[in-house]
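Keep the 3D view open as you read.

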Amino acid sequence: MAVVLHWVLGLAILGMFGVGVYMTDLPFSPWRVKLYNWHKWAGVTILALSIWRLVWRLTHRPPALPQVIVLGMPAWQTRAYHATHYAMYALFFTVPLIGWAYSSAAGFPIVWFGQIPLPDMLPVDKEFAALIKPLHQISAFALVGLAGLHTAAALKHQLIDRDGLMQRMLPGRG
Amino acid sequence: MKLLQLLLPLAVFAALPVAAQQTLIPAQSTLGFTFKQMGVSVDGKFTKFTAQVNFDPAKLPTSKVAFAVDIASATLGLPEIDAELPKAPWFNTAKFPQATFASSAIKSLGGAKFEVAGKLSIKGVSQDVVVPVTMTQAGAVTTATGVLPIKRLAFKMGEGEWADTSMVADDVQVKFKLALNGVGKL
């Protein structure tokens, strides 16, 4: 389950990041309106799945790291891996929540998949919306940056350390 | 003498009983519209409009309401989208700067409720509509409110790529609240 959620959310987050960057450059058109709405629906779905992911993580400890890996990692790497994972979990929630808040403040309530109206997180306040809009972008870039670091570290273990650490996250074990 | 003969019929004509004229209080009046974009409700309004109201609840057959809306005053409060409204697929404001309504008959439904039948013209398209109106009086001010549902495509609102009703729904609710001075006792 953790493995499945990891890959599903990883792909979803990267996908939505791509859509987000692309859509904000588009001129106003029906296509852009569609993309914005899909981006929001996906964001809310990511938020919901992240809640599930967090609950699962808190109730199911991942297997302990093999001793050989623990011994082979300098202290700074262990700290980095903990810090990166904590930060990523925090951003899984921060990014969509800021997005939702921005959408509410800008006067665009979110209707999930065009069917389920979601509560407005904030009352309409155009100035506040303008204020928090960059926060959604900054935190999204931070999350993708950390995901890049995370991927690079995983590949380091796989290709340089050759310690088989990635095995535990591959499908077939979830 | 000749002048008097000329003027007399005019004076008689002027004295003919016509429902007295009321005045719109723009500061207390609103004209807005609501529509759905991919399930999300969006509200817009017109900030400039005028009305000629000759309304006498005791003399409905001679009562008249006429409306003119300054289309350039349309706003959704969203600058990016407001920039789209005057363009040809939407209001085409340069070609059709005004939307108008002219009543042809007013019917009382009792209880200060009325039905105003008339012609609504938007973007060069005219349609016969019946507008439900509820009136309330507070002191010297009479307020007429109501909602008229219209179909945007009938008025060519949103042409070409914007005609897709899964993007912007066809149904639009036109909401009005008109504050009037000088209306007789309802």
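Start at Phe67(B): leaving aside residues up to four places away in sequence, Phe67(B) touches Phe49(B), Ala51(B), Thr100(B) and Phe101(B). Touching, or being in contact, means that the C-beta atoms, placed from the backbone, lie within 7 Å. A quick word on the ground rules: this is a predicted model, where local features need pLDDT of at least 70 and side-chain atom pairs count only at pLDDT 80 or more, while totals for chains, interfaces and linings use all residues. Residues are numbered from 1 along each chain as its sequence is written, with chains lettered from A and ligands numbered from 1 in the order in which they are written.

Phe67(B) belongs to the largest nonpolar core, which has 33 residues; Phe67(B), Ala51(B), Val65(B), Val69(B) and Val116(B) touch the most other members. Strand S11 (168–181) of chain B is one of the elements that give two or more residues to this core, and S11(B) supplies the largest share, six residues. Apart from this core lies another, of 11 residues, including Met16(A), Phe92(A), Val95(A) and Ile98(A). A nonpolar core here is a set of buried Ala, Val, Leu, Ile, Met, Phe, Trp, Tyr and Cys residues joined through C-beta atoms within 7 Å; buried means 20 or more other C-beta atoms within 10 Å of a residue's own, with C-beta atoms placed from the backbone.

**Chain A and its helices**

Chain A has five helices and two strands, running α-α-α-α-β-β-α from the N terminus. Helices (H or I, at least four residues) and strands (E, at least two) are DSSP runs, numbered from the N terminus. Of the 174 residues in chain A, 16% count as buried, and the C-alpha atoms fill a box of roughly 55 × 25 × 25 Å along the principal axes.

Helix H1 (residues 2–23) and helix H5 (residues 126–161) of chain A pack at about 135°, with their axes 11 Å apart. That angle makes H1(A) oblique to H5(A). Axes are lines fitted to C-alpha atoms, for helices over the stretch in contact, and angles run from 0 to 180 degrees between N-to-C directions; oblique is whatever is left after under 35 degrees (roughly parallel), over 145 (roughly antiparallel) and 65 to 115 (roughly perpendicular).

Here is who meets whom:

| Helix | Residues in the contact |
|---|---|
| H1(A) | Gly10(A), Ile13(A), Leu14(A), Phe17(A), Gly20(A) |
| H5(A) | Ala140(A), Leu143(A), Val144(A), Ala147(A) |

**Where the chains meet**

The contact between the chains takes 11 residues from chain A and 12 residues from chain B. On the chain A side, helix H2 (residues 30–59) gives the largest share, three residues.

Methods:
Two residues are in contact if their C-beta atoms, placed from the backbone, lie within 7 Å. A residue is buried if 20 or more other C-beta atoms lie within 10 Å of its own, exposed if 12 or fewer, and partly exposed in between; C-beta atoms are placed from the backbone.
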